Amino acid sequence: MSAYVTKVALAAAALALMHAASAQPPASGDAPSASSSRDLHGMWEPTRFHVLTDAPLNAAGEALVQRNRAAMDSGRIMHTAWTSCRPGAISSMTMPRELIMIMQTPREVVILYEMPRMIRRIELDGTHPNDIEPSYVGHSVGRWEGDTLVVESIGFNGYGELDAHGKPTSTRLRTVERFTKSADGERLDIEITIDDPEYYTEPFTIHRSWRRAEARHQHEYDCMENPRQEDFANAYYVHDRYRPTCMRVQGEGMEPSRMVCRREEQ
Amino acid sequence: MRSRSGNRLTACTTAALSAFLLASGLYSQQTLANESVLARMQGVWMPEPTPDELRTVDGKRPPLTDEAAAIYEERIALRKAGDTSFDRTTWCAGPGMPRILLMPYPFEIISSQDRVAFIHGWYRWFRVVDMAGDAEPDFFYPTTMGFSVGRWEGDTLVIRTVGLSDVTTLDAAGLPHSDEMVLTERLRLLPDGRLENRLTIEDPQFYTSAWEARVTFRRDPNARVGDDVCPDRIAMGEPAVEEWR
């Protein structure tokens with residue numbers, strides 16, 4: 001084949017590739033393109049771990065934190081929503097851990113957390129319904145302000161702690177998260193404003209960051225895998241609800257251990 | 001001469017161009033078809049009832065090895081006597097694959113670029129299928145949901161999952177498996193609008209041959225995949241896993 005024919009064939013190939021690219025299905029709605037700074041899709045990992053969060057506690061909040069501290073000072077092990085396998089969205093905002101997968105459709109942004117295992121769904125351009133049933137993850141709506149995704153969440157159930165001191169939250173909790181991807185697409189910065197007049201004197205803002213992860217798959221965290229009696233031997237529960245529902249009880253003598261689940265009517 | 005050569009070049013160019021356009025056209029038509037099928041697979045699905053003892057597509061008991069059959073028989077007897085200590089879902093631990101597809105809880109399929117996710121209505125479990133290629137998944141140790149890679153075969157979404165921990169059972173009755181199990185799912189939309197998943201299980205440690213099971217799902221306009229927290233349900237006196245009604 002002459003050089004000319006090769007060039008023609010290459011040009012045809014280039015045309016074909018352009019054709020193939022343009023033949024991709026049209027994005028419905030205003031779905032972002034892969035290169036868009038409004039595209040948060042992908043696997044992310046925290047840039048660092050956070051154990052404590054500075055927060056302007058009011059007297060009621062301070063009293064609860066002091067109660068937690070007294071229990072820990074007496075040698076007991078504190079159990080929060082996180083450790084009792086009922087994590088709330090607030091703890092993943094303040095204490096990012098392990099990998100998250102962000103899925104994005106024209107209608108919503110879905111965040112799939114590896115640890116603690118949790119799913120947050122953020123309805124884009126949505127509104128909070130009037131009859132939200134309070135939950136650990138709350139109800140989240142999002143909107144774009146320029147290239148920043150602004151997520152407002154309400155409808156929390158009051159069972160969620162900010163940090164390792166057990167800083168409390170109530171059903172009055174409201175959060176605003178502002179997600180901004182860096183220009184090179186490798187970093188996701190989140191500015192989080194936490195407002196809970198039940199326990200804090202004023203709204204306060206913290207910053208957390210994720211960086212793009214190489215991993216193709218998340219791992220998994222099976223929190224209820226094997227709760228053992230000895231794990232709760234010296235426990236202090238921030239809320240009664242965090243008492244274990246099931247635990248593996250040691251058998252006596254030759255009797256093997258067995259899993260026992262507590263039910264309310266018992 | 002020049003002219004004939006020109007004609008030959010033109011013919012050659014046209015042929016090359018047509019070949020590339022045809023090839024790319026076929027490719028993009030297939031991509032469009034897959035996008036369209038995937039769009040119709042998205043949304044909330046409710047599994048149709050399956051017996052507690054998972055059967056093959058021919059309605060037979062799976063081809064268990066003698067050792068595996070003994071384990072299964074023992075579990076069936078225990079369960080009959082009210083002892084589900086072999087079943088980790090009893091205390092809200094992960095059901096794993098494919099068990100979670102056989103439980104009376106809805107799941108939602110969503111897709112985003114090179115990923116298809118299954119979000120389950122039982123205690124916040126989810127699974128993300130990597131559609132980016134056939135390469136073996138990377139994992140350190142097995143998990144209950146395993147590591148899934150997907151591809152299209154015509155209108156069928158084929159998902160291959162490895163790294164499935166042997167702590168789970170394949171069905172409610174206690175069908176065992178090893179962590180060497182390879183699970184291949186073939187998902188397709190049926191003409192009546194239901195979703196079908198044909199499961200192929202390859203696990204020479206526990207089964208004498210590969211076997212296939214079939215589970216179907218229907219749209220349920222009332223089903224919602226909410227934030228289910230199993231230990232709270234147990235504490236309220238509800239079962240960890242609902243029975244089929």
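Analyst: **A strand pair and its surroundings**

In chain A, strand β9 (residues 187–195) and strand β10 (residues 204–212) run antiparallel and are joined by eight bridges. Within this pairing, T193(A) stands opposite T205(A) of β10(A). Two strands count as paired if DSSP finds at least two bridges between them, and the elements themselves are DSSP runs numbered from the N terminus, with helices (H or I) of at least four residues and strands (E) of at least two.

The model is predicted, so that local features need pLDDT of at least 70 and side-chain atom pairs count only at pLDDT 80 or more, while totals for chains, interfaces and linings use all residues. Residues are numbered from 1 along each chain as its sequence is written, chains are lettered from A and ligands numbered from 1 in the order in which they are written, and side-chain values use heavy atoms, with hydrogens and water left out.

The pair belongs to a closed barrel of nine strands in chain A, which runs β1-β3-β4-β5-β6-β7-β8-β9-β10 with mixed pairing. Neighbouring strands of this sheet are turned by 30 degrees against each other on average, direction ignored; the axes behind this angle are lines fitted to C-alpha atoms, and angles run from 0 to 180 degrees between N-to-C directions.

Elsewhere in chain A, the loop between β4 (108–113) and β5 (118–124) holds P116(A), which is joined to M115(A) by a cis peptide bond with omega of about -10 degrees. D125(A) is exposed, at 65% relative accessibility, where exposed means over 50% relative accessible area, buried under 20% and partly exposed in between, for a 1.4 Å probe and protein chains only. C85(A), likewise not a glycine, has a positive phi of about 65 degrees and sits in the loop between β2 (77–79) and α3 (89–94), but C85(A) is buried at 5% relative accessibility.

As for confidence, the mean pLDDT (the predictor's confidence in each residue, from 0 to 100) of chain A is 88, and 86% of its residues reach 70 or more. Over residues 1–34 of chain A, however, pLDDT stays under 50, and the model has 31 contacts beyond four places in sequence for that stretch, a contact meaning heavy atoms within 4.5 Å.
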